[in-house]
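Subject: Structure handover and what turned up in it

Hi there,

Here is the structure I promised to pass on. Please have a look at it first, and then read my notes below.

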Amino acid sequence: SPCSGVKVSRFIGSGVQVDTVRRSYSEFLDSQVLQTQTLQGQYDAYNAQITQIDNLVADATSGVSPALQSFFSDVNSVVAAPADVPSRQAMLNGAEGLVSRFNGLAARLDEMRDGINSQVTDSVNLINSYSTQIADLNSKIAIVSSASNSNQLPNDLLDQRDQLVSDLNKEIRATVVKQLDGGYNVFIGSGQPVVMGTQAMTLVAAYSTSDPSRVEVGLAAGNSSVPIDSRLLQG
């Protein structure tokens, strides 16, 4: 039977309707951050190497200066007493010690150079990885954007791409040129491309033809590579 009492009205609401999520982004500020990251990476690398050299050469005990001072002290002793056999022998011993010190420094510098060559090679491999991922994201972003029926952009993919550009700039100074379709073209040095739309170029680390002890960076071209002047590469 029908119930009497208080009548209750029920309302079913849909809550907040989200049409789209817009991404807050400043190209100017991002460019400033990228440039700062590049310079920091460059100065950090330089400081690490120059500190090793300074510690090696200027060390008060094992550096060049104490060995030179000892040698010239022995020379002065011979000058003061040319006929003194012990003084002459001490000078010869001092000369041998100085030669040994220089040979030791040279060997240590060679080790440092080999370490730098390895770092350059590792950095080139990392740059190639970032370039490939950026090109892949260019492709995915274009597909998602063209297939979307709304104003919603693939913000997560855009964030991933910008993070990769940031990581790339920690290795090498890179310039981004945004295309009409939203894709990124990325250039290094004096304009060498590493990303062109959905295509990633390949950098190569190879020993220099002018100095076989030094690894230089080049851009792959078929079965060979075109060297890039190291003075144009920052980072």
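This is a predicted model: local features need pLDDT of at least 70, side-chain atom pairs count only at pLDDT 80 or more; totals for chains, interfaces and linings use all residues.

Residues are numbered from 1 along each chain as its sequence is written, and side-chain values use heavy atoms, with hydrogens and water left out.

**Overall layout**

The chain has 4 helices and 7 strands, where helices (H or I, at least four residues) and strands (E, at least two) are DSSP runs numbered from the N terminus. Along the sequence they follow the pattern α-α-α-α-β-β-β-β-β-β-β. Of the chain's 235 residues, 26% count as buried. Among contacts (heavy atoms within 4.5 Å) with a separation of 6 or more, 51% join residues 24 or more positions apart.

**Salt bridges**

Back to aspartate 136: its side chain meets that of lysine 140 in a salt bridge (3.3 Å, N to O). By salt bridge I mean a side-chain nitrogen of Lys or Arg within 4 Å of a carboxyl oxygen of Asp or Glu, and the structure holds 6 of them. Lysine 140 and aspartate 136 are 4 residues apart in helix α3, which means about one helical turn separates them. Lysine 140 is partly exposed as well, with a relative accessible area of 41%.

Helix α3 also holds aspartate 110 and arginine 113, 3 residues apart and separated by about one helical turn. Their side chains form a salt bridge at 3.4 Å, N to O. Aspartate 110 is partly exposed at 35%, and arginine 113 is partly exposed at 31%. A network of salt bridges links Asp110, Arg113 and Asp114.

In helix α4, lysine 170 and aspartate 167 lie 3 residues apart, about one turn of the helix, and their side chains meet at 3.7 Å, N to O.

**Nonpolar core**

A nonpolar core is a set of buried Ala, Val, Leu, Ile, Met, Phe, Trp, Tyr and Cys residues joined through side-chain atoms within 4.5 Å. The largest one has 25 residues, and those with the most contacts inside it are Ile134, Leu168, Val186, Ile188 and Leu203. At least two residues of this core come from each of α3, α4, β2 (184-188), β3 (192-196) and β6, with α3 giving the largest share, 7 residues. Beyond its neighbours within four places in sequence, isoleucine 134 contacts Arg161, Leu164, Val165, Leu168, Val186 and Val195.

**Largest pocket**

On a 1 Å grid over the protein atoms alone, a pocket is an open set of points where a 1.4 Å probe fits, with protein on both sides within 12 Å along at least five of seven lines; lining residues have an atom within 4 Å of a point. The largest pocket holds about 980 Å³ of space, the volume being the space filled by probe spheres set on the points, which are joined across faces, edges and corners. Its lining has 30 residues, and Ala45, Ile116, Val120, Leu233 and Gly235 lie nearest its centre. The largest share of the lining, 10 residues, comes from α3.

Best wishes

Conventions
Buried means under 20% relative accessible area, exposed over 50%, partly exposed in between (1.4 Å probe, protein chains only).
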